[in-house]
Amino acid sequence: MAELISVRVKPGSRKGPLVEAGEDGALTLYVQERAVDGKANEAVTKLLAEHLGVPRSRIELVSGATSRHKRFRIC
C-alpha cells in the first residue's frame, strides 16, 4: 500500500538539513543544496527517508520536480 506525502522544500537553506512539522502536520524540509541539476531533490529524498525511517529506494518523487511543493509516494 503506497502513501502520498506532500512537503514544502526550502533549498539553499542555512538551517538544513532539517525537517519541521507545522501545526497542521505539514512537513517543511530545509536542505543546504541549491536547486541546480536536481541536487536539492536528491537531498530532499535522502532527508525524507531518514525522517520516516525507510530506505531511499522506497521513496519516489511523484510531482513537483521543479517546484517547492512536492509530492512523494512511499511504497
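Author: Glu60 is partly exposed, at a relative accessible area of 39%; buried means under 20%, exposed over 50%, and partly exposed in between (1.4 Å probe, protein chains only). The model is predicted: local features need pLDDT of at least 70, side-chain atom pairs count only at pLDDT 80 or more, and totals for chains, interfaces and linings use all residues. Residues are numbered from 1 along each chain as its sequence is written, and side-chain values use heavy atoms, with hydrogens and water left out.

Reader: With which residue does the side chain of Glu60 meet in a salt bridge?

Author: A salt bridge is a side-chain nitrogen of Lys or Arg within 4 Å of a carboxyl oxygen of Asp or Glu. The partner of Glu60 stands at 3.2 Å, N to O, and is Arg73.

Reader: Which strands does the pair of Arg73 and Glu60 tie together?

Author: Helices (H or I, at least four residues) and strands (E, at least two) are DSSP runs, numbered from the N terminus. Arg73 is partly exposed at 28% relative accessibility. The pair ties together parts that are 13 residues apart in sequence, because Arg73 lies in strand 5 (residues 69-74) and Glu60 in strand 4 (residues 59-63).

Reader: How many salt bridges are there by this rule, and which residue meets Glu20?

Author: The count by this rule is two salt bridges. Glu20 is partly exposed, with a relative accessible area of 31%. Its side chain meets, at 3.1 Å from N to O, that of Lys15.

Reader: Where is Lys15 found, and how far apart in space are Lys15 and His69?

Author: Lys15 is found in the loop between strand 1 and strand 2, and is partly exposed, with a relative accessible area of 46%. Along the sequence, Lys15 and His69 are 54 residues apart. From C-alpha to C-alpha, their separation in space is 18 Å.

Reader: What is the order of the strands in the open sheet?

Author: Two strands pair if DSSP finds at least two bridges between them. The open sheet has five strands with mixed pairing, and its edge strands, strand 2 and strand 4, each pair on one side only. From one strand to the next the twist averages 35°, where axes are lines fitted to C-alpha atoms, for helices over the stretch in contact, and angles run from 0 to 180 degrees between N-to-C directions. The order is 2-3-1-5-4.

Reader: Which residue in strand 3 stands opposite Val9?

Author: Strand 1 (residues 3-10) and strand 3 run parallel, with four bridges joining them. The residue opposite Val9 is Leu29.

Reader: Which helix gives the most to the lining of the largest pocket?

Author: On a 1 Å grid over the protein atoms alone, a pocket is an open set of points where a 1.4 Å probe fits, with protein on both sides within 12 Å along at least five of seven lines; lining residues have an atom within 4 Å of a point. The largest pocket holds about 150 Å³, a volume being the space filled by probe spheres set on the points. Of its 13 lining residues, the closest to the centre are Ala35, Ala40, Asn41, Ala65 and Lys70. The most is given, with three residues, by helix 1 (residues 39-52).
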